[in-house]
Amino acid sequence: MALEALRKGAQDYLIKGQIDSVLLVRAMHYAIKRKQAEAALAESEKRLRTITDSVKDAIIIMDGSGLATFWNPAAEATFGYAATEVIGRKLQEFLVPERFRAIHRAAFGRFQATGEGGAVNKTLELAASRKDGTEISAELSLSAIKVGDK
């Protein structure tokens, strides 16, 4: 029964007939701490979302394989794509102008292999493609971070 409860998401359990005040206080303490941590995380996520939704600069995040994982409203306005159109797609497929894609693929491959690249921790002005096919000059400020083992 207890294992089934844990499989279904329970964080702790008390066994009927084996409950004493120490166990009950511990379980209540852990439950309160979990709820407080969940509330703090939700507040932090809400604050970050408010910031990223209100800034005028496009914020785009991609993972280590080049897939878009975040696309804020300013990115939508700048490039003409809704977040739902780009999340999970390779950025080079639609943001990098065709004539630069081979160079981008090579540079990104080097970055994936070494963790280093000519654009990392720099601000550069580059050509970018909009959804309507027009090219714009975009200022790119690129940072690479490691999250976990990725």
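The structure is a predicted model, in which local features need pLDDT of at least 70, side-chain atom pairs count only at pLDDT 80 or more, and totals for chains, interfaces and linings use all residues. Residues are numbered from 1 along each chain as its sequence is written, and side-chain values use heavy atoms, with hydrogens and water left out.

The structure holds seven salt bridges. A salt bridge is a side-chain nitrogen of Lys or Arg within 4 Å of a carboxyl oxygen of Asp or Glu. Asp53 and Arg49 form one of them, with an N to O distance of 3.9 Å. Both residues sit in helix H2 (residues 21-54); they are four residues apart, so about one helical turn separates them. Helices (H or I, at least four residues) and strands (E, at least two) are DSSP runs, numbered from the N terminus.

Another salt bridge joins the side chains of Glu93 and Arg89, at 3.8 Å from N to O. Glu93 is partly exposed at 44% relative accessibility. Arg89 is partly exposed at 30%. Arg89 is placed in the loop between H4 and H5. The C-alpha atoms of Arg89 and Ser65 are separated by 10.0 Å, and the two residues are 24 residues apart along the chain. Leaving aside residues up to four places away in sequence, Arg89 touches Gly66, Leu67, Ala68, Tyr81 and Phe94. Contact means heavy atoms within 4.5 Å.

A further salt bridge pairs Arg99 with Glu135, the closest N and O atoms being 2.4 Å apart. This pair links distant parts of the chain: Arg99 lies in the loop between helix H4 (83-86) and H5, Glu135 lies in strand E4 (residues 135-142), and 36 residues separate them. Arg99 is exposed, with a relative accessible area of 53%. Glu135 is partly exposed, at 40%.

Asn72 occupies the loop between strand E2 (68-71) and helix H3 (73-79). Its relative accessible area is 0%, so Asn72 is buried. Two backbone atoms lie by its side chain. The backbone oxygen of Thr52 is 2.9 Å from a polar atom of the Asn72 side chain. The backbone nitrogen of Ile59 is 2.8 Å from a polar atom of that side chain. A polar contact is a pair of N or O atoms within 3.5 Å; within protein, one must be able to donate a hydrogen and the other to accept it, and residues adjacent in sequence count only if both atoms are side-chain atoms. Asn72 touches Thr52, Val55, Asp57, Ala58 and Ile59, not counting residues up to four places away in sequence.

Helix H5 (residues 101-114) has 14 residues and should span 20 Å at 1.5 Å a residue; its end C-alpha atoms are 20 Å apart, which agrees. The expected span is 1.5 Å times one less than the number of residues. Just after H5, Gly115 takes a positive phi of about 80°. Asn121 also has a positive phi, of about 65°, although Asn121 is not a glycine. Most residues other than glycine have a negative phi. Asn121 is found in the loop between H5 and E3. With a relative accessible area of 63%, Asn121 is exposed.

Strand E3 (residues 122-129) runs antiparallel to E4, and eight bridges join the two. Two strands pair if DSSP finds at least two bridges between them. The bridge partner of Leu126 in E4 is Ala138. E3 and E4 form a hairpin with five residues between them, and Gly133 in the turn has a positive phi of about 95°.

The largest nonpolar core has twelve residues, among them Trp71, Phe79, Phe94, Ala128 and Ala138. E2, H3 and H4 are the elements that give two or more residues to this core. A nonpolar core is a set of buried Ala, Val, Leu, Ile, Met, Phe, Trp, Tyr and Cys residues joined through side-chain atoms within 4.5 Å. Ala128 touches residues including Phe79, Leu95, Glu135 and Ala138, not counting residues up to four places away in sequence.

Technical notes:
Buried < 20%, exposed > 50% of the residue type's maximum accessible area, 1.4 Å probe, protein only.
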